[in-house]
Amino acid sequence: MSVSLDIRLKRANKVYHEGELLSGVVVISSRDALQHQGISLSMEGLVNLQLSSKSVGVFEAFYNSVKPIQLVSSNFEVVKAGKVPGGKTEIPFEFPLQAKGNRVLYETYHGVFVNIQYTLRCDMRRSLLAKDLSKTCEFMVHSQPQKSKVQLNPVDFTITPDTLQNRTSLPKFLIRGHLDGSTCVITRPLTGELVVENSEVIIKSIELQLVRVETCGCAEGYARDATEIQNIQIAEGDVCHSLSIPIYMVFPRLFTCPTLETTNFKVEFEVNIVIVLHDDHLITENFPLKLVRV
């Protein structure tokens with residue numbers, strides 16, 4: 001007998017804020033009438049912290065601090081044991097999205113060593129001979145927007161062999177430009193411009209690299225890991241000198257969130273401007289970013 005269980009949220013984008021009502025329907029589709037031992041819904045919000053291989057075994061205290069942090073948890077019975085008629089049955093539900101105790105609902109974020117995820121799970125218990133059914137659905141939580149306006153303070157940069165830390169026998173070049181701001185609204189692109197004033201060597205490519213910097217730990221010590229989120233090529237080949245090249249990068253959903261700092265973990269972001277020379281030598285300029293939601 002073919003039976004399917006589904007969760008449909010009222011909001012198509014599945015985005016919610018703390019204090020709002022999470023509502024939708026549980027959909028049961030069955031050819032024939034169906035006997036069950038009860039249908040329940042559970043909501044859970046977890047922060048999962050993971051240590052990179054280089055940090056495992058460094059600090060004993062880490063093993064306690066990287067336990068999952070529960071932000072929200074609730075469980076209730078939607079339908080008591082009974083029978084569901086054949087065909088399609090929709091059972092409505094709604095419950096408030098409230099943090100557990102004095103916790104804060106951090107924004108949904110899918111990282112490498114830090115993962116903040118909110119899920120809704122529906123379970124249908126059935127008799128011994130029939131298999132229990134379950135369905136899980138992820139929904140997104142956005143943090144409350146900040147009230148104050150974001151001040152755009154342009155960040156000017158000049159890249160020459162003298163500004164680099166590792167100066168081993170580099171050819172002469174001068175690259176100037178600016179980012180429109182280091183505090184960025186997460187729903188708007190990162191913008192700016194770059195100009196290659198002169199270069200003795202042929203440039204192969206110019207790229208923008210968005211990096212997540214995740215820190216997990218406790219008072220005894222921290223493990224800080226930087227990993228790439230995305231890499232966008234903004235120029236290819238030996239670009240014309242003194243020509244303005246636009247910098248434009250959209251922050252990807254789920255893989256970025258407003259910059260976050262808590263007792264056990266931090267999520268920060270940086271952008272690298274990478275100039276690839278013809279011999280594949282890399283010149284990198286790093287800029288810390290602060291992401292906010294307004």
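Here is a guided walk through this predicted model, from the whole chain down to single residues. Residues are numbered from 1 along each chain as its sequence is written. Local features need pLDDT of at least 70 and side-chain atom pairs count only at pLDDT 80 or more, while totals for chains, interfaces and linings use all residues; side-chain values use heavy atoms, with hydrogens and water left out.

Let us start with the overall fold. The protein chain holds 1 helix and 21 strands, where helices (H or I, at least four residues) and strands (E, at least two) are DSSP runs numbered from the N terminus. Its C-alpha trace spans about 80 × 45 × 40 Å along the principal axes. The radius of gyration of the protein chain is 25 Å, whereas a compact globule of 294 residues would have one near 19 Å; this quantity is taken over C-alpha atoms, and the globule rule is 2.2 Å times the number of residues to the power 0.38.

Contacts come next, meaning heavy atoms within 4.5 Å. Among the contacts in the protein chain with a separation of 6 or more, 71% join residues 24 or more positions apart.

Now for the surface. The protein chain exposes about 15600 Å², and carbon and sulfur atoms supply 49% of that area; accessible areas come from the Shrake-Rupley method with a 1.4 Å probe, and for residues only the protein chains shown count as cover. There are 30 positive and 32 negative side chains, with the centres of the two sets 11 Å apart. In that tally Lys and Arg count as positive and Asp and Glu as negative, leaving out His and the chain ends, and each charge is placed at NZ of Lys, CZ of Arg, CG of Asp or CD of Glu.

Moving inside, 47% of the 294 residues are buried (under 20% relative accessible area; exposed is over 50%, and partly exposed is in between, with a 1.4 Å probe and protein chains only). The largest nonpolar core has 76 residues, and I116, L120, F139, I206 and F265 touch the most other members. Strand β20 (residues 265–277) gives the most to this core, with 7 residues. A nonpolar core here is a set of buried Ala, Val, Leu, Ile, Met, Phe, Trp, Tyr and Cys residues joined through side-chain atoms within 4.5 Å. If you select L120 and set aside its neighbours within four places in sequence, its contacts include I7, L9, L22, F93, F95 and F139.

T191 sits in strand β15 (residues 190–199) and is partly exposed, at 25% relative accessible area. Beyond its neighbours within four places in sequence, T191 is in contact with L179, D180, I247 and Y248. T160 lies in the loop between β12 (155–159) and β13 (173–179), and counts as buried because its relative accessibility is 16%. With neighbours within four places in sequence left aside, T160 touches F173 and L174.

For backbone angles, most residues other than glycine have a negative phi. S242 has a positive phi near 65°; S242 belongs to the loop between β17 (221–236) and β18 (244–249) and counts as exposed at 52% relative accessibility. L254 also has a positive phi, about 70°, and lies in the loop between β18 and β19 (260–261).

D225 and S52 are 173 residues apart in sequence, yet their C-alpha atoms are 7.6 Å apart in space.
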